[in-house]
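Please read it beside the sequence and the structure shown here.

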Amino acid sequence: MTISQMTTPEPGAESGAHSNSPENNKTINIDPDSPELDLPGIHKVSWDSMTIVGNLDPNRAQSLITAFCNEPNVRFRPDRSSRAFTADIMDAVYCSFNLDGPSKDIRNFRLDFNPNNAPEEFLPYYQAHILPCLTDIGFSRLDLAIDTIENLASYYMDTRNPTKKNPRISPGGKLETIYFGVPKGKKYIRIYDKKNQLKEKKAQEIELPELWRIEFQLRGKACADTWTTCADNLLIHTIKYPESVSGVWRNACENVRKTTEGIEWMTDYEKRKCRKFLKEAKGINFMPVVHQAIKLSESRLQAELEQWMPGGTEQ
């Protein structure tokens, strides 16, 4: 089945992770053991990053430090004390504790990690040694990654509601990355050429002809409760202009599509009109596939969150 045959309606619309890095300079097949989805264009859906926060009782801080000292795979950074420390756990998890932090409203213990890169031994170690020492525990950040074998450079990408948009174009004129929102906001969207990123930054080649990533960075106390709706405001579709849109306007639209502000001589009214044309000139709509990928992965992804919070969050 091709993408053009998908007819699932979008929410609110009318009907009609990384894997553990291998050695550099090798050809790799991204996560061959990951759960497969029977969806056109979708390669993988996974949690790409997590931040767990909680409060470490001062009376238990020393016992946790002792447990860390007895674990050869925990490496403390300088200036360790019973009131503050930072450490690297199993070379995959960043841990920080600061009892005298900048604000009482900020929980004093934090773990940052990519669950795809964390070794299997970390979860039972966390459940046995770290989790029992924490109260008021919850997620403060979740990154959901959807990998697709579609070449998204050929698609129009935007949001339904006005959102800061920042495309990055290669010297050859090809879209490499596009950002929506601000990095510290409650939702920040990154869409980028994952195959090119692996090649440029890690000197890795993959067997897939195309690999793009749609990544939703979610922040705040409610991120674990609202992640299933993270794609509701996103638009991804090919451009199919109606006959009423003239060639001049089509050229103007392409300039607006490829840059942040459009060409300099255009008025704000003309730019807004071009954006309206682009949003309405839908050819193949990729968003039903994205929504279906999240829906089909929901139970698995939710279970993965709950294994880090066996007793539920205390947000």
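Pro 119 lies in the loop that runs between strand 6 and helix 2, where helices (H or I, at least four residues) and strands (E, at least two) are DSSP runs numbered from the N terminus. This is a predicted model, in which local features need pLDDT of at least 70 and side-chain atom pairs count only at pLDDT 80 or more, while totals for chains, interfaces and linings use all residues. Residues are numbered from 1 along each chain as its sequence is written, and side-chain values use heavy atoms, with hydrogens and water left out.

With a relative accessibility of 25%, Pro 119 counts as partly exposed; buried means under 20% relative accessible area, exposed over 50%, and partly exposed in between (1.4 Å probe, protein chains only). Leaving aside neighbours within four places in sequence, Pro 119 is in contact with Met 90 and Ala 92, contact meaning heavy atoms within 4.5 Å. The C-alpha atoms of Pro 119 and Asp 91 are 9.0 Å apart, although 28 residues separate the two in sequence.

Gln 197, found in helix 3 (residues 194–202), is also described as partly exposed, at 23% relative accessibility. Not counting residues up to four places away in sequence, Gln 197 touches Tyr 192 and Lys 202, and its C-alpha atom is separated by 8.9 Å from that of Glu 176, 21 residues apart along the chain.

His 237, in strand 14 (residues 234–239), is buried, with a relative accessible area of 0%. Its side chain reaches the backbone oxygen of Leu 278 at 3.3 Å, a polar contact being a pair of N or O atoms within 3.5 Å, where within protein one must be able to donate a hydrogen and the other to accept it, and where residues adjacent in sequence count only if both atoms are side-chain atoms. Beyond four places in sequence, the residues that His 237 touches include Tyr 155, Tyr 156, Ile 284 and Phe 286.

| Helix | Buried residues |
|---|---|
| Helix 1 | Ala 61, Leu 64, Ile 65, Ala 67, Phe 68 |
| Helix 2 | Phe 122, Leu 123, Tyr 125, Tyr 126, Ile 130 |

At the start of helix 1, a side-chain oxygen of Asp 57 reaches to within 2.7 Å of the backbone nitrogen of Asn 59.

What of the cysteines? The structure holds zero disulfides, a disulfide being a pair of cysteine sulfur atoms within 2.5 Å. The sulfur of Cys 253 has its closest cysteine sulfur in Cys 274, at 3.9 Å, which is too far for a bond. Cys 253 is buried at 0% relative accessibility, and Cys 230 is buried at 2%.

Taken as a whole, the protein chain has seven helices and 15 strands, and buried residues make up 46% of its 315 residues.
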